[in-house]
Structure formats: C-alpha cells, structure tokens
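Biologist: I would like to learn how to read charged contacts and surface patches in a model. Can we work through one together?

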Amino acid sequence: MHTTVTERVAALRRYMAGAATPQAAAPFAYFIPTADPHNDEYIPPRWMCREWLTGFTGSAGTAVVTPTAAALWTDSRYWLQAEAELAGTPFVLMRDGQPGTPSPEAWIAAQAAAAGCAATVACPADMLTLQQCDAFAAAGVQVLCHVPDAFNAIWPARPALPAAPITCHAAQWAGEGAAVKLARAAEALRPHLQGSDYVFTDLSDVAWLLNLRGGDIAYNPLFTAYLTLTAESGQFTLFTHLATLTPAALAALQQAGVALKPYAEAAAWCSARRMAADPSCTLHLCGSEVQRVASPVPAMRAVKHAAEQEGFRQAMVRDGVAMVRFLRQLDERMAAHEPADEIWVDETLTALRAQQEGYAQLSFPTIAGYAAHGAVVHYEATPATAVPLEPRGLLLIDSGAHYDCGTTDITRTVALGPLTAEERRVYTLVLKGHLALARQHFPQGTTGLALDLAARSAMWNEGYDFGHGTGHGVGACMCVHEGPHQIRKDLRACTLQPFAPGMLVTDEPGIYVAGRFGVRIENVLLCVADRTTDFGTFLRFDTLTLCPYDLRAVERDLLSADDVRHINAYHQRVRLTLTPHLSDPADRAWLAQATAPLA
C-alpha cells in the first residue's frame with residue numbers, strides 16, 4: 001500500500017497518466033505545495049500531502065513530479081535535513097534561494113520543453129492559490145483544472161478534516177461584538193465588490209470577525225471555515241463543521257445574524273455566484289475568474305482594541321511568572337551540576353506555563369538551542385538531536401503561549417556559566433539593538449523598513465548582521481505570527497505598512513555565529529501615541545513582555561548611559577509587576593537579584 005516514497009511516486013505517476021480524457025491530455029507535472037485551503041502556517045494532517053509523498057518532514061517545501069523526474073524545493077534552514085531524508089528516493093533537492101536554482105514554474109517549463117511536451121500542471125485545487133496560478137501563467141505553464149485531487153486516490157487512510165470544538169472568545173478580551181466587526185468589514189469591502197459576493201478564507205479573519213476560537217490548527221486556536229458575504233443582502237454565512245459548535249457559539253452566531261452551512265458546501269455555493277476573494281484564495285473555491293480583492297480584516301485586527309491590549313498585558317504577567325520560575329530552576333540546576341538537556345527546557349517551561357491561569361496551549365514549538373544549536377534560527381530539539389546543557393556558554397530560548405486573554409512570544413538568551421569574550425560582545429550588541437528599537441520615537445506612518453535600522457545599527461557598525469526579520473505582528477489569542485506589518489531590512493509589502501497606535505510588533509534582533517552559538521532577545525511592543533509637535537504626530541513603543549535580561553552576559557563597557565537607564569527602568573517595572581504574583585520566596589529573591597540596578 002505505497003509504503004515507500006518510491007512506491008508513492010510511482011502511484012502518483014500512474015494516477016497522472018490515467019487522468020487523460022478524450023478532451024484533454026494527462027498533466028505533464030503534478031505540483032504539491034506545503035499548503036492547505038486557508039494559507040495556514042501550521043498544516044493540518046489532511047493536507048500534509050507533500051510530507052507523505054516525499055518523506056521530507058521540514059515545515060517548508062514544494063514538490064513536483066513529472067513522468068521521469070521528481071524534485072523538492074526548500075530553503076537553507078532545511079538543506080541538510082532534506083539531503084538526509086530524500087536520500088534513496090526519486091526526489092532531487094532544489095536549494096531554494098541559492099543562485100542558479102530555478103523556480104518550480106521555470107523548472108516545469110524547462111522539463112516539458114526538453115521532453116517535447118506541453119507545459120501543463122495539476123495540483124489539488126484546494127491547495128493551489130490564485131497567486132500560484134498567476135505564477136504558472138507567467139511562466140507559460142497551463143493549470144489543468146479538470147484533474148481531481150490525486151491524494152484522495154493514492155493516499156490510503158488519508159486523515160479526515162479537523163473538527164475540534166468551536167468556542168466563544170470572551171467579550172472581556174474581544175472588546176467589539178461580532179456584529180460590529182462584521183459591519184466594519186462589509187463597509188470596507190463595499191466600494192470594491194462591484195456586485196460580487198465575497199468569501200473570507202483566512203481562518204484568522206473568520207475567527208476574529210466572529211469572536212470564536214477552535215482547535216483545528218496546531219499552535220493556533222482556529223477552526224476550519226469559510227465566511228461569505230452576500231453583497232446584495234449583507235448576509236454573512238459561516239461554512240464550518242456544525243456538529244462541534246458549542247451552544248454558546250451557536251447563540252453568539254444567531255445574535256450576530258450569521259447563517260450556518262456545512263463546510264463541504266462552500267465550494268458549490270461560491271462556484272454558483274460571481275465572487276471576489278483575497279488572492280490567497282484557492283482555486284477550488286471560486287475558479288480562476290474570481291475578482292481579486294484583498295481582505296480588509298488583517299489591517300483591522302492589527303490595531304488592537306483597548307480590551308485586547310489589556311488582555312495582552314494580563315497574559316504577559318502570567319507568562320512572566322512562568323519565565324521567572326523557570327529561569328530560577330535553570331540557574332539552580334546548572335549550579336548543582338544536575339543533568340538537563342534541550343528537551344528538559346521545553347518540557348519544564350511548558351509545564352510551568354500550564355500552571356498559569358487561563359493557559360490554553362503553546363503559541364509555537366519551543367526553540368531551545370544550546371551552544372551551536374543556538375545558531376540554528378528555527379532549531380527544534382528532538383530526542384535524536386537534543387544535547388546536554390553544561391554550566392558554560394549560552395542557551396537561546398524562544399517560546400510563547402496562548403492564554404484566554406492574550407498571546408505571548410519571548411526570547412531570552414541565558415548565560416549558563418563562563419562566556420568567551422566573543423559571546424559577551426555579541427550578546428551586548430544584540431541587546432543594544434533590542435533596546436534601541438524599543439525606545440525609538442518616530443512620526444506616525446513610519447514603516448517597518450525605516451524602523452529596522454534602529455535594531456541593526458550597533459551590530460552593523462561592528463560587522464555583524466542577521467537574516468531574519470526584526471519584528472512581526474502578534475494575534476490576540478490567535479496566530480503568534482500576524483500581518484500585515486513587519487520590521488525587517490528588505491523591501492516587501494509588509495515592510496511598507498505604516499505603524500499606528502494600537503499595533504503590536506515583536507522586537508527580536510539576533511546574531512548567529514555558525515557552529516558555535518547564537519543570541520536573540522525578544523519582547524512584544526505596543527505602538528502608542530507619544531506627542532504632537534510642529535513637525536507632526538509622533539509615536540513610541542511600550543514594552544509589554546515582563547522578564548529580566550541576563551546581565552551576566554553583558555560587556556558593560558559597550559553599553560551607553562541610555563542603555564543602562566533603559567535596562568534599569570525596565571527591570572524595575574518587571575520586579576514591581578511580577579513580585580506580587582510570585583508565592584515562592586526563592587522566586588522573589590531570584591527576581592530581585594536578576595533585576596538589581598546596573599551601575
């Protein structure tokens with residue numbers, strides 16, 4: 001039953017050959033992205049087709065199969081892993097981002113030309129976005145819409161659709177009712193629809209608009225659904241798994257005037273109408289002729305309501321308590337030379353978070369990288385890779401959680417014992433960049449592209465840099481990675497989004513010395529009003545995260561007077577806020593020492 005990758009590829013090729021009809025030839029290529037119908041960051045098992053077919057378990061990748069070739073594209077984070085997992089399979093690794101590596105679209109076109117065939121491609125229609133269709137068209141590759149989803153035929157016991165309970169998000173933390181949010185969204189869309197109906201496909205949009213939450217997506221409290229707006233009547237309809245709607249959720253939807261239909265009926269409903277959708281919509285829902293209209297909801301939910309802001313503040317207190325308790329235990333374990341490894345970090349910190357009021361789940365997989373593993377930006381320890389912690393060097397911990405009131409994302413790099421001069425220098429440069437961004441004042445409308453320099457200036461002056469973004473938005477009891485804005489050094493649509501009061505963003509510069517160590521320090525910032533002068537309205541950031549920096553790793557001579565004042569003021573706030581919530585005298589004593597003023 002297709003137990004090896006080679007057998008699965010052979011089954012897919014047989015399926016492709018059998019897809020020919022009297023009116024259309026078989027597709028030359030089959031395209032398998034890492035995707036689901038809702039553009040989720042974490043893919044539910046039903047749509048893990050690329051992983052099932054290739055055996056490659058990384059979180060990012062695209063596979064293509066032709067009658068005689070097979071290739072997999074993934075980025076530099078996964079090249080070593082992909083080499084190992086693809087060994088002995090029909091797949092050739094394509095190092096995405098490396099000079100000379102063709103795009104999947106260009107590769108398909110070239111392979112078809114070499115074979116003397118038409119450049120045609122098939123893909124599960126609920127995994128193929130309108131954006132990807134446009135990319136194929138630009139490369140001269142025709143998408144064959146008549147080919148059904150191959151994985152329904154070749155994947156035995158393919159996982160079912162996720163269907164966890166759908167619950168209400170507390171009005172205390174939502175701020176606005178669903179009816180108000182829906183009316184705002186409809187008003188924002190009205191000038192752009194030109195008589196078309198609209199479908200929201202992003203699960204964050206749906207959950208935020210309706211003040212509902214679910215458990216269908218790992219690390220994200222979302223539920224599989226579509227939400228449609230009938231332009232003429234103004235009627236909203238939710239397509240989802242109706243059986244798991246709680247009574248409270250049903251009552252809330254009725255109160256908001258939202259109609260209900262089964263999830264499986266969404267495609268037929270949309271295909272029978274003139275539709276508009278965000279370009280991230282998948283082909284199966286509306287067809288390629290759908291009017292492209294960007295969803296207005298990401299910009300709406302990026303500016304947090306006062307109730308959402310208060311929820312974040314409450315979540316940071318709970319998370320700060322868990323972090324303090326963990327860091328004390330870590331220090332004690334290192335001082336006593338007791339055994340611990342990277343998995344111990346994950347399990348212990350998760351258990352301490354779970355003891356906090358309103359804890360729901362982690363907001364992403366914990367990154368705990370000791371020594372050289374800290375230089376791997378998205379490292380996740382496994383029993384096969386986890387290394388023991390030693391009372392020396394640096395440990396990087398990037399973690400977070402969802403609570404009933406808000407979502408957290410924090411990184412601290414901790415000295416487990418003596419450090420080298422380079423480790424201290426790098427740590428301090430990262431801390432300086434982190435502090436500079438946090439205390440930056442700027443005119444309203446400033447973009448993340450402009451703000452990025454604050455975080456990189458100190459390290460650039462010393463010849464260091466990092467490749468990832470400096471900051472991303474954070475959802476309110478939703479996705480920890482949220483748009484539409486980002487702070488980063490490269491020109492993208494997300495870096496050109498202007499900042500406004502109420503927006504949240506992370507502040508997470510880093511430096512990674514390959515093979516030796518990595519440093520990243522991260523807090524969540526809230527954009528707030530500062531003052532108005534003759535030169536305009538100015539904004540600043542308020543730091544929400546509550547956890548000490550590890551000053552044992554600092555090279556004191558590199559800190560400016562402003563740096564020291566910032567650290568001392570922040571540590572005083574951390575100490576005064578968290579101490580009343582720490583019942584153990586040992587935790588209070590640890591926090592007092594960790595936040596002692598820096599001379």
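Modeller: Start with a network. In this predicted model, salt bridges link Asp202, Asp205, Arg301, Lys304 and Glu482.

Biologist: Which residue meets Arg301 in a salt bridge, and at what N to O distance?

Modeller: Asp205 does, with 2.9 Å from N to O. Then look at where the partners sit. Arg301 belongs to helix α13 (residues 297–302) and Asp205 to helix α9 (residues 203–210). The two are 96 residues apart, so the pair links distant parts of the chain.

Biologist: Is Arg301 buried or exposed?

Modeller: Check the relative accessibility against the cut-off: buried means under 20%. Arg301 has 6%, so Arg301 counts as buried. Asp205 is buried too, at 2%.

Biologist: How many salt bridges does a search of the whole structure find?

Modeller: The search gives 34. One of them joins Arg516 and Glu422, with the closest N and O atoms 2.7 Å apart.

Biologist: Where do Arg516 and Glu422 lie?

Modeller: Arg516 is in the loop between β24 (510–513) and β25 (517–520). Glu422 is in helix α16 (residues 421–438). The pair therefore ties together parts 94 residues apart in sequence.

Biologist: How do I read the accessibility of Arg516 and of Glu422?

Modeller: Partly exposed covers the range between buried, under 20%, and exposed, over 50%. Arg516 has 47% relative accessibility, so Arg516 counts as partly exposed. Glu422 has 25% and is also partly exposed.

Biologist: Which residue does Asp465 meet in a salt bridge?

Modeller: Lys489, at 2.4 Å from N to O. Both partners are in loops. For Asp465 the loop runs between α17 (448–461) and β21 (471–473). For Lys489 the loop runs between β22 (482–487) and β23 (504–507). The pair ties together parts 24 residues apart in sequence.

Biologist: And their accessibility?

Modeller: Asp465 is partly exposed at 33%. Lys489 is partly exposed at 39%.

Biologist: Now the surface. Which residues make the nonpolar patch of about 190 Å²?

Modeller: Read a patch by its members, then place each one. Here they are Leu242, Leu250 and Leu260. Take Leu242. Its position is in the loop between β11 (235–240) and α10 (247–256).

Key. Residues are numbered from 1 along each chain as its sequence is written. This is a predicted model: local features need pLDDT of at least 70, side-chain atom pairs count only at pLDDT 80 or more; totals for chains, interfaces and linings use all residues. Side-chain values use heavy atoms; hydrogens and water are left out. A salt bridge is a side-chain nitrogen of Lys or Arg within 4 Å of a carboxyl oxygen of Asp or Glu. Helices (H or I, at least four residues) and strands (E, at least two) are DSSP runs, numbered from the N terminus. Buried means under 20% relative accessible area, exposed over 50%, partly exposed in between (1.4 Å probe, protein chains only). Patches are made of residues with over 30% relative accessible area and no salt bridge: like charges are joined within 9 Å, nonpolar side chains (Val, Leu, Ile, Met, Phe, Trp, Tyr) within 5 Å. Accessible areas come from the Shrake-Rupley method with a 1.4 Å probe; for residues, only the protein chains shown count as cover.
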